[in-house]
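Please open the structure in your viewer and keep the selection tool at hand. The tour moves from one stop to the next, and each stop says what to select and what is there.

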Amino acid sequence: MPDAEQGGSMRRGRNESEEERADRMWTELIQEVRVAQMGVQILFGFLLTVVFTPTYEGLSGTDKNIYIVTVVLGACATGALIGPVTLHRLVSGRRIKPQAVQWASQLTLLGLALLLVTTSSSLLLILRVATQDDYVPYLVAGVVFWYLLCWFGLPVWARHRHTTRR
């Protein structure tokens, strides 16, 4: 710790090259994407079956529109969350892993945002059909707030609190 003893700033973090950091970040990203992919694929699979049920014909025009938007959002979320895998396959060995990690990270964040909207619109549709009560939008808004807090609010707060220079 010569730097710290001489009044310099102490080095924080790992001692890794740019390539090693990209490899580590890629591995972490793929683990995260696996969790999100599983959820979006299960949700999307269930959504695809709804149109083939007898209940679908009884839905109002508004509920059918919510369903169609939800399915399209689910398809987009699935695409964004599978995108990093395809990206890796197509750029592997091209010596651009640090850039590929950034692009894959952006696709993952987009996929998570789309998953949030897909899940929320699915909840809206289900609660509208199940209860037909006026309080449904408020319940959905509460869940959306909860998702935003858990998925984005807490991570952004932690990032700001623990990485901002004092």
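Begin by selecting Q132, which is placed in the loop between α5 and α6 (136-163); helices here are DSSP runs of H or I with at least four residues, numbered from the N terminus. The model is a predicted one, in which local features need pLDDT of at least 70 and side-chain atom pairs count only at pLDDT 80 or more, while totals for chains, interfaces and linings use all residues. Residues are numbered from 1 along each chain as its sequence is written, and side-chain values use heavy atoms, with hydrogens and water left out.

**Two residues with positive phi**

Stay with Q132, whose phi is near 55 degrees, a positive value in a residue other than glycine. Most residues other than glycine have a negative phi. Is Q132 buried or exposed? With a relative accessibility of 66%, Q132 counts as exposed, where buried means under 20% relative accessible area, exposed over 50%, and partly exposed in between, using a 1.4 Å probe and protein chains only.

Next select R95, which you will find in the loop between α4 and α5. Its phi is also positive, near 60 degrees, and R95 is exposed, with a relative accessible area of 81%.

Now select residues 97-131, which form helix α5, a run of 35 residues reaching 49 Å from its first C-alpha to its last, close to the 51 Å expected at 1.5 Å a residue; the expected span is 1.5 Å times one less than the number of residues. Then select residues 18-50, helix α2, where 33 residues reach 47 Å between the first C-alpha and the last, close to the 48 Å expected.

Within α2, colour the buried residues, among them Q37, V40, F44 and L47. The buried residues of α2 pack against α4 (61-91) and α5.

Which residues make up the largest nonpolar core? Select A22, W26, L29, I30, V33, L87, V91, A100, V101 and A104, 10 residues in all; such a core is a set of buried Ala, Val, Leu, Ile, Met, Phe, Trp, Tyr and Cys residues joined through side-chain atoms within 4.5 Å. Each of α2, α4 and α5 supplies at least two residues of this core, and α2 gives the most, with 5 residues. In soluble globular proteins, nonpolar side chains tend to be buried together. If you centre the view on A100 and leave aside its neighbours within four places in sequence, A100 is in contact (heavy atoms within 4.5 Å) with W26, L87 and V91.

**Salt bridges**

The structure holds 5 salt bridges, a salt bridge being a side-chain nitrogen of Lys or Arg within 4 Å of a carboxyl oxygen of Asp or Glu. Select K97 and D23, whose side chains meet in one of them at 2.8 Å, N to O. This pair links distant parts of the chain, with K97 in helix α5 and D23 in helix α2, 74 residues apart. K97 is partly exposed at 27% relative accessibility, and D23 is partly exposed with a relative accessible area of 38%.

Because E28 and R24 are 4 residues apart in helix α2, they are separated by about one helical turn. Through shared partners, salt bridges join E16, R24 and E28 into one network.
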